[in-house]
Amino acid sequence: MQDRVEPPFWMLGNFAPVTEETTAYDLPVEGAIPPELSGLYVRNGANPRHGQSSHWFLGDGMLHGVAIESGKAKWYRNRYVRTPIFEGAPRHPLAGLDIRYALSNTSVVAHASRIMALVENALPMEISRDLETRGFNDFGGRLATPCTAHPKICPATGEMHFFGYRVIPPYLTYHVADAAGALVRSVEIPVKAATMIHDFALTARHTIFMDLPMVFDMPTAMAGSTMPFHWSESYGARLGVLPRGGGAQSLRWIDIEPCFVYHVANAFEEDDGTIVLDVARYDEHWRDGPKRNAFDTASLTRWRIPPGATRAEETRIDDRSIEFPRIDERRTGVPHNAVYALATEGSLADGVFTELLKYDLKCGRVDARRFVSELPSEFTMVPASEAAGEEEGWLMGYVYDRASATSDLVILDASDIGGKPVARIRLPVRVPQGFHGTWIASEPRECDAAAH
Ligand SMILES: [Fe+2]
């Protein structure tokens, strides 16, 4: 009964939405912003416009951005993503199937000179550098499925690889956009049923899909549930390994222990062709459906798929509960050493994110930055330069201070995450706990001139 009267965790503390769109210029800085940093940090999150939502994942998308140039924090802006739902479009009976009827609240990706806000049940929503909504990007009418919130940009080719899942056939479709942003390939991936698929993996030679037991529940959907997925004891779990460039006939299924995964940190191939994936793995998730006052916990886990194997080898890297695993994205698809993640303790409403962790996978060492009176959000790794080493750069993320009820954009040295922050950019308002952010480096000035 208590669950019905207590507000859900996503309405409490710093999970609660903000009510204003704010613009502030020339932000105060403690420390020194590295002069090499020039660009925009932008993070997405659910911020229900009317004050409440039926699930943590179902608030209107709100972007929080800080523009940095020449050692200065030029501005902070937060802006709603102007989706049709935000603009008041009436809900219709097939809302779950309409890829233009969704909240664009989960992540941000920059590819081929476009910045896009993403949610896994809609088309990408293009936004401007000052966070104004431009409209859906359907790739010139070619994209007929949603786009995952976790596309992968191949550092070797510049292609954007992504997928869309749906609750009616085709359940899962894989897409590739070339480096210029044109949709050049779509492949239907055969799966047994509609499941919730949040992320996938890319290596230099393969794409790996996760077919996990988080099944779509039609009766629950028909009864009006806004999150109609639940854990299945019988569905099983497997990874679909597709050679890049291959058709569905070349797909190979690899069995794994039943589990759920929102986020893949990275995947790569060893010299003998063994495929390796590092993921934040839940032993199970939403057995009785989503809860209002708790969230299951995940641990950093490695799957290895030797050549010819039909089952993955699984190793838990660490017992700590973590989420939001990130890497230096220049390592996407190739071997990485460092994984950055937030450690979680207790229930979400109590300020669950307690530490920023850095896993040094070669040494087996874990560095930590402990947060006591503050609450961190996801941190993004920003390389010091294109030529810099994997761990040479900064970690950037919003941190909420409970005492002042405001937030900072905190910049840490990626090689010393527990040390004094390199810089704290003071924001005039709080930034609620959200989902995923990205760093979008400024384009060279000569390109700007050429474009005009
Ligand atoms: Fe995610």
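Is Phe324 buried or exposed? Phe324 is buried, at a relative accessible area of 8% (buried is under 20%, exposed over 50%, partly exposed in between, with a 1.4 Å probe and protein chains only). More on that residue at the end; here are my notes.

1. Ground rules. This is a predicted model, where local features need pLDDT of at least 70, side-chain atom pairs count only at pLDDT 80 or more, and totals for chains, interfaces and linings use all residues. Residues are numbered from 1 along each chain as its sequence is written, and side-chain values use heavy atoms, with hydrogens and water left out.

2. The overall picture. The protein has 33 strands and 3 helices (DSSP runs numbered from the N terminus: E of at least two residues for strands, H or I of at least four for helices). Its C-alpha trace spans about 55 × 55 × 50 Å along the principal axes.

3. Of the 452 residues, 57% count as buried. The exposed surface comes to about 18400 Å², and carbon and sulfur atoms supply 50% of that (Shrake-Rupley method, 1.4 Å probe; for residues, only the protein chains shown count as cover). Among contacts with a separation of 6 or more, 57% are between residues 24 or more positions apart (contact means heavy atoms within 4.5 Å).

4. The iron site. Start here when you open the model. Four histidines coordinate the iron ion through NE2, namely His150, His198, His263 and His436, at 2.0 to 2.1 Å (donors are N, O and S atoms within 2.8 Å of the metal, or 3.2 Å for Na, K and Ca; water is not among the atoms, so sites may look incomplete). Along the chain, the donors follow the spacing H-x47-H-x64-H-x172-H. His150, in the loop between β9 (133-136) and β10 (152-153), and His436, in the loop between β32 (423-426) and β33 (437-441), are 286 residues apart, so this pair links distant parts of the chain. Both are buried: His150 has 11% relative accessibility, and His436 has 6%.

5. Geometry of that site. The angles among the 4 donor atoms run from 91 to 161°, and the site is irregular (four donors are tetrahedral if all angles lie between 85 and 135 degrees; four are square planar and six octahedral if opposite donors are over 155 degrees apart and all others between 65 and 115; anything else is irregular). For reference, four tetrahedral donors would ideally sit at 109.5 degrees.

6. Asp199. What does this residue touch? Leaving out residues up to four places away in sequence, Asp199 touches His150, Lys152, Phe163, Met210, Tyr262, His263 and Val264. Two of these, His150 and His263, are also iron donors. Asp199 lies in the loop between β13 (183-188) and β14 (201-202) and is buried at 1%. Its side chain makes a polar contact with the side chain of Lys152 at 2.7 Å (a pair of N or O atoms within 3.5 Å; within protein, one must be able to donate a hydrogen and the other to accept it, and residues adjacent in sequence count only if both atoms are side-chain atoms). A polar atom of the Asp199 side chain also lies 2.8 Å from the backbone nitrogen of Val264.

7. Asp278. This residue is in strand β21 (residues 275-282), and its relative accessible area is 0%. The Asp278 side chain makes a polar contact with that of Arg302 at 2.7 Å. Beyond residues up to four places away in sequence, Asp278 touches several others, including Val264, Asn266 and His336.

8. Ser232. Look for this one in the loop between β17 (229-231) and β18 (238-243). Its side chain reaches two backbone nitrogens: that of Ser234 at 3.2 Å and that of Tyr235 at 3.0 Å. Ser232 counts as buried at 11%.

9. A cis peptide bond joins Pro169 and Pro170, with omega about -10°; Pro170 is in the loop between β11 (160-165) and β12 (172-177). Trp286 has a positive phi, near 55°, though not a glycine, and is buried at 3%. Back to Phe324: phi is positive there too, about 55°, and the residue is in strand β24 (residues 322-326).
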